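Here is my notebook from a first look around a structure that may be new to you.

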Amino acid sequence: MLTGAQYLESLADGRAVYFEGKQVDDIANHPYLGPAVQVVADGYDWLAEQAVDGESPLLAVPATPDELRAKVDLVHHAGMMAHVTYTSIMTLATVAGRMKETTPQYIEPIQAFIEDAQRRDVRITQCITDAKGDRSRPPGKQDDPDAYVRVVDRRDGGVVIRGAKLHITGASLGHELMTIPTKAMKPGEEDYAIAAAVPVNAPGVKIVDTTYAPRHADLRDFPVSGHNHYPEGFVMFDDVFVPRDRIFLDGEVSQAATFAHSLGLWERLGGLSGMADDADLLVGLAQLIAEANGLAGVGHIKEKISEMIIHATVVRACLEAALSHSQAGPFGAMFPDELYTNAGKYTGAAAYNLMVRHLHDIAGGAVVTAPSIADLENPDTGPLLKKYMTTGSSADGEYRIRLFHTIRDLTADSYGGWRAVTNIQAGGGLYAQRIVTRKHYDLDRAKAMALAAAGLSPQH
Ligand SMILES: Cc1cc2nc3c(=O)[nH]c(=O)nc-3n(C[C@H](O)[C@H](O)[C@H](O)COP(=O)(O)OP(=O)(O)OC[C@H]3O[C@@H](n4cnc5c(N)ncnc54)[C@H](O)[C@@H]3O)c2cc1C
């Protein structure tokens, strides 16, 4: 296993990372990207403490629903880069199981890559979302043929790929880019049916980062995002050579969607697990601020919080159902239930903005106007600010101001905006979850129940 210090050293590998117009030479010490690097290093050290016989707890493949539940919790607490790495590995393991009959030639390179990545204890990010050009047109009918990642050359021992993958969480902080087709491909689109593992420092890979990391001098006003943020990478493959043993699909269009479907399952399970905790967090903040405002007993406030509680409970129930109804796949690994995973992720995402609206409605305008901690410390203003922000003996002004900062940071500021968009888009967008939910729902059973209720037979 890598230690945090070894992880930091591993980043000095010649990777081409850019941020706001400049190349980043030392990402670990960059003012906005560096703190994220340190969070990942701390995550390595935390996982080392959980090691069993020197092996990372991320490694073992869950073989029972309880083991899967424990793994989801572990990965959730180990941080974003452990999450995307675990999800990538489970995606490839799922793909290997699903391609056993159709394209068995890729099982060996996939398994060899998984074993090697686990042995090196590297972090893998998920590169699936292409630039996509005009969304109404397929890859082969774009004005620019590079709108989807494709093979542009075939050489002895491998292929050359060109294109871009967008919004890739933590791309510049990892070691490997799991690069897979974003959707189903049709005959004629063979060059776009390419899946491979590309090292972050491969010649031709360029990553432009963005981040919601607060730019404020005093991070105490950003209690959530101030110390825990990750960049998204705009990953460009500018004619990158990929050796044959790192290729997991090359031209078999019938299997292109297998990657997207497999990733979708694991990504949405991770999203659902995060949303279950987030929904409880919103409930907690709503109740605390209602109490601090002296309004916890008022009817309309209680009703809004009850609605938030129901939402949080339903999202968690879907997570529990997805885990309890998990099933063993071809290589003995447990897979979460698709129906509950997608319906839960959809519910969590679709109602998120309404839950935030309730929280803002309950909390009041100080969500965005509460003075800073530094103003509280200023002897000219601090005592007066505390006096006017205090609502009674149980809620002094500083306590209330800190609650407002937490609500703003989480729901109304740069990070809050990022969360609002990400909840909807990450894991493929609401539309994708609707499609998969519908596919796995027993519509025939529902129709039969409706016919029986109407006293009609299926022959009518
Ligand atoms: C913060 C963040 C992190 C992310 N992390 C990752 C990551 O790590 N790896 C990764 O690969 N991706 C990642 N994503 C990308 C995410 O999966 C996409 O944003 C999502 O799939 C939507 O794709 P898009 O952004 O290109 O939007 P678009 O595809 O342009 O979609 C916009 C809207 O148009 C609709 N639409 C698009 N095409 C069609 C069509 N042909 N017909 C009908 N409707 C259509 C969509 O349903 C949606 O409603 C991340 C996104 C965010 C915001």
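**Aromatic pairs**

I searched for ring pairs and the count came to nine aromatic pairs; rings of Phe, Tyr and Trp (its six-membered ring) pair if their centres lie within 6.5 Å, with planes under 30 degrees apart counted as stacked, over 60 as edge-to-face and the rest as tilted. I looked up F113 with F248, a tilted pair at 5.7 Å centre to centre and 50° between the planes. F113 lies in helix α5 and F248 in strand β10 (residues 247-250), so the pair ties together parts that are 135 residues apart in sequence. Helices (H or I, at least four residues) and strands (E, at least two) are DSSP runs, numbered from the N terminus.

Buried means under 20% relative accessible area, exposed over 50%, and partly exposed in between (1.4 Å probe, protein chains only). I also noted a cluster in which ring pairs link Y86, W266 and F335.

**What I am reading from**

This is a predicted model, where local features need pLDDT of at least 70 and side-chain atom pairs count only at pLDDT 80 or more, while totals for chains, interfaces and linings use all residues. Residues are numbered from 1 along each chain as its sequence is written, and side-chain values use heavy atoms, with hydrogens and water left out.

**Cavities**

I searched the whole structure and found three cavities of 30 Å³ or more. A cavity is a set of points, on a 1 Å grid over the protein atoms alone, where a 1.4 Å probe fits but cannot get out, and lining residues have an atom within 4 Å of a point. Grid points are joined across faces, edges and corners, and a volume is the space filled by probe spheres set on the points. The largest cavity holds about 70 Å³ of space.

Which residues line the largest cavity? I listed L58, L59, T85, Y86, I89, A117, Q118, D121, V122 and R123. The elements giving two or more residues to this lining are α4 (80-98) and α5 (107-120), and α4 has the largest share, three residues. I sorted the lining into six nonpolar, two polar and two charged residues; Ala, Val, Leu, Ile, Met, Phe, Trp, Tyr, Cys and Pro count as nonpolar, Asp, Glu, Lys and Arg as charged, and the others, Gly among them, as polar.

**Two positive phi angles**

I stopped at D121, one of the lining residues, in the loop between α5 and β3. The phi of D121 is near 55°, a positive value in a residue other than glycine, and D121 is buried at 6%. H167, in strand β5 (residues 158-169), has a positive phi of about 65° although it is not a glycine. H167 counts as exposed, at 54%.

I found D146 in the loop between β3 (124-127) and β4 (150-155), buried at 19%. The side chain of D146 makes a polar contact (a pair of N or O atoms within 3.5 Å; within protein, one must be able to donate a hydrogen and the other to accept it, and residues adjacent in sequence count only if both atoms are side-chain atoms) with the side chain of R150, at 2.7 Å. Not counting residues up to four places away in sequence, D146 touches R162, G163 and A164; contact means heavy atoms within 4.5 Å.

My last stop was A279 in helix α6 (residues 256-293), buried at 8%. Leaving aside neighbours within four places in sequence, A279 is in contact with H311 and A312. The C-alpha atoms of A279 and V314 are separated by 9.8 Å, and the two residues are 35 residues apart along the chain.

Notes: 1 Å grid on protein atoms, 1.4 Å probe; cavity = no way out; pocket = protein on both sides within 12 Å on 5 of 7 lines; lining within 4 Å.
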